[in-house]
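This report describes the strand pairing, nonpolar cores and side-chain contacts of the structure shown below.

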Amino acid sequence: MRCSWLLILGFVLNVAHCLEILGLDRDPNLEVSRNVTAVLGEAVHLTCRYLGQSQIQSAVWKRRSNSQSKSKRLAGFSQGQAFGRDEFSTPHSLTNLTVKVDVSRVGVEGEYVCEFESEEEDFFASVFVNVVARPHIQILVDAETINDTHYQVVSCSAVGGRPTPQISWLVGGLPPSDNFFTVNVTETHSNGTSTLSSVLSFPTHLQDENIVTCVVQHPTLPQPELTTAVVEIYKCTRMYTC
């Protein structure tokens, strides 16, 4: 019998979670921006308005925590006074908790709850903030000689992206062939962001295109970012026979 009750409880919790995902649990008294994508280093607005008829006495933004410690009050109205702390600005009014949040760190990402308290009942809704970071692109051209063969080495790095950026190459406007081009990719992580580095190398005497393009794709970029580099090409020298 105990197992049956546990199964019923699990079913109820699962249905509640599904309703929350579908947005069917939304309180018609509240207007809320449910899922917000914020760019690291920029500001984002979180919207939460009370549309009902009850007399609101206090209102607050809190961060939902998995621990049992009391949630920190980040912004709101208490005893008629507006307040805002950390990255949160003071809200517009007692029934309009819209705030500006400065996304100065990846740790801003998480779930936040806006609450309105009246004499009759409390109204609340959750908002999830997803933090992304726009990568900084660097490109460098170098050369090396291995076993008497001269190589061009082009390094392209997308630094500090969140999520991890994607890098591809174009040589003369086309993807490099596998015949004599080699690509090595490394990824590092720091402070919640990722840096992807891609190194394109090829024998100088086998290449007749002097333009190499690094193509970086990332959700923060409206279109792929193209960064070009000029490389050394085949020339008639004592080293190479014309």
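The sections that follow treat the sheet, the cores, the disulfides, the aromatic pairs and the salt bridges in turn. The model is predicted.

An open sheet is built from four strands, which follow the order 11-12-15-14 with antiparallel pairing. Its edges are strand 11 (136-146) and strand 14 (182-190), each of which pairs on one side only. On average, neighbouring strands of this sheet are turned by 15° against each other, direction ignored. Strand 12 (residues 149-161) and strand 15 (residues 193-203) run antiparallel and are joined by nine bridges. Within this arrangement, Ser157 stands opposite Ser197 in strand 15.

In soluble globular proteins, nonpolar side chains tend to be buried together. Here the largest nonpolar core comprises 27 residues, and those with the most contacts inside it are Leu46, Trp61, Phe88 and Phe116. Strand 10 (residues 122-132) supplies the largest share of this core, with five residues. A second, separate core has 17 residues, including Ile137, Val216, Ala229 and Val231.

**Disulfides**

The model contains two disulfides. One joins Cys48 to Cys114, with an S to S distance of 2.0 Å. The torsion about the S-S bond of Cys48 and Cys114 is about 65°, so this disulfide is right-handed. Cys48 belongs to strand 4 (residues 48-50) and Cys114 to strand 9 (residues 110-118), so the pair ties together parts that are 66 residues apart in sequence. Both Cys48 and Cys114 are buried.

The other disulfide joins Cys156 to Cys214, with an S to S distance of 1.9 Å. Its torsion about the S-S bond is about -70°, so the disulfide of Cys156 and Cys214 is left-handed. Cys156 lies in strand 12 and Cys214 in strand 16 (residues 211-217), so parts that are 58 residues apart in sequence are tied together by the pair. Cys156 is buried, with a relative accessible area of 0%, and Cys214 likewise counts as buried at 0% relative accessibility.

**Aromatic pairs**

A pair of aromatic rings is described by the distance of the centres and the angle of the planes. Six aromatic pairs are found in the whole structure. Among them, Trp61 and Phe88 form a tilted pair, 6.5 Å centre to centre with 55° between the planes. This pair links distant parts of the chain, 27 residues apart: Trp61 is in strand 5 (residues 56-63), while Phe88 is in the loop between strand 7 (81-84) and strand 8 (99-102). Trp61 and Phe88 are both buried.

Phe181 and Phe202 form a further tilted pair, with 5.1 Å from centre to centre and 55° between the planes. Phe181 lies in the loop between strand 13 (166-171) and strand 14, and Phe202 in strand 15, so the pair ties together parts that are 21 residues apart in sequence. At 9% relative accessibility Phe181 counts as buried, as does Phe202 at 0%. Elsewhere, ring pairs link Tyr50, Phe116 and Phe123 into a cluster.

**Salt bridges**

Side chains of opposite charge can pair when their charged atoms come close. The search of the whole structure gives seven salt bridges, including those listed in the table.

| Salt bridge | Distance, N to O |
|---|---|
| Lys62 and Glu115 | 3.6 Å |
| Arg64 and Glu111 | 3.0 Å |
| Asp86 and Lys72 | 2.6 Å |

The salt bridge of Lys62 and Glu115 links distant parts of the chain, with Lys62 in strand 5 and Glu115 in strand 9, 53 residues apart. Glu115 counts as partly exposed, at 28% relative accessibility.

For the salt bridge of Arg64 and Glu111, Arg64 lies in the loop between strand 5 and strand 6 (73-78) and Glu111 in strand 9, so the pair ties together parts that are 47 residues apart in sequence. Arg64 is partly exposed, with a relative accessible area of 38%, and Glu111 is partly exposed, with 23%.

In the salt bridge of Asp86 and Lys72, Asp86 lies in the loop between strand 7 and strand 8 and Lys72 in the loop between strand 5 and strand 6, so the pair ties together parts that are 14 residues apart in sequence. Asp86 is exposed, with a relative accessible area of 52%, whereas Lys72 is partly exposed, with a relative accessible area of 44%.

Key. Residues are numbered from 1 along each chain as its sequence is written. This is a predicted model: local features need pLDDT of at least 70, side-chain atom pairs count only at pLDDT 80 or more; totals for chains, interfaces and linings use all residues. Side-chain values use heavy atoms; hydrogens and water are left out. Two strands pair if DSSP finds at least two bridges between them. Helices (H or I, at least four residues) and strands (E, at least two) are DSSP runs, numbered from the N terminus. Axes are lines fitted to C-alpha atoms, for helices over the stretch in contact, and angles run from 0 to 180 degrees between N-to-C directions. A nonpolar core is a set of buried Ala, Val, Leu, Ile, Met, Phe, Trp, Tyr and Cys residues joined through side-chain atoms within 4.5 Å. Buried means under 20% relative accessible area, exposed over 50%, partly exposed in between (1.4 Å probe, protein chains only). A disulfide is a pair of cysteine sulfur atoms within 2.5 Å. Rings of Phe, Tyr and Trp (its six-membered ring) pair if their centres lie within 6.5 Å; planes under 30 degrees apart count as stacked, over 60 as edge-to-face and the rest as tilted. A salt bridge is a side-chain nitrogen of Lys or Arg within 4 Å of a carboxyl oxygen of Asp or Glu.
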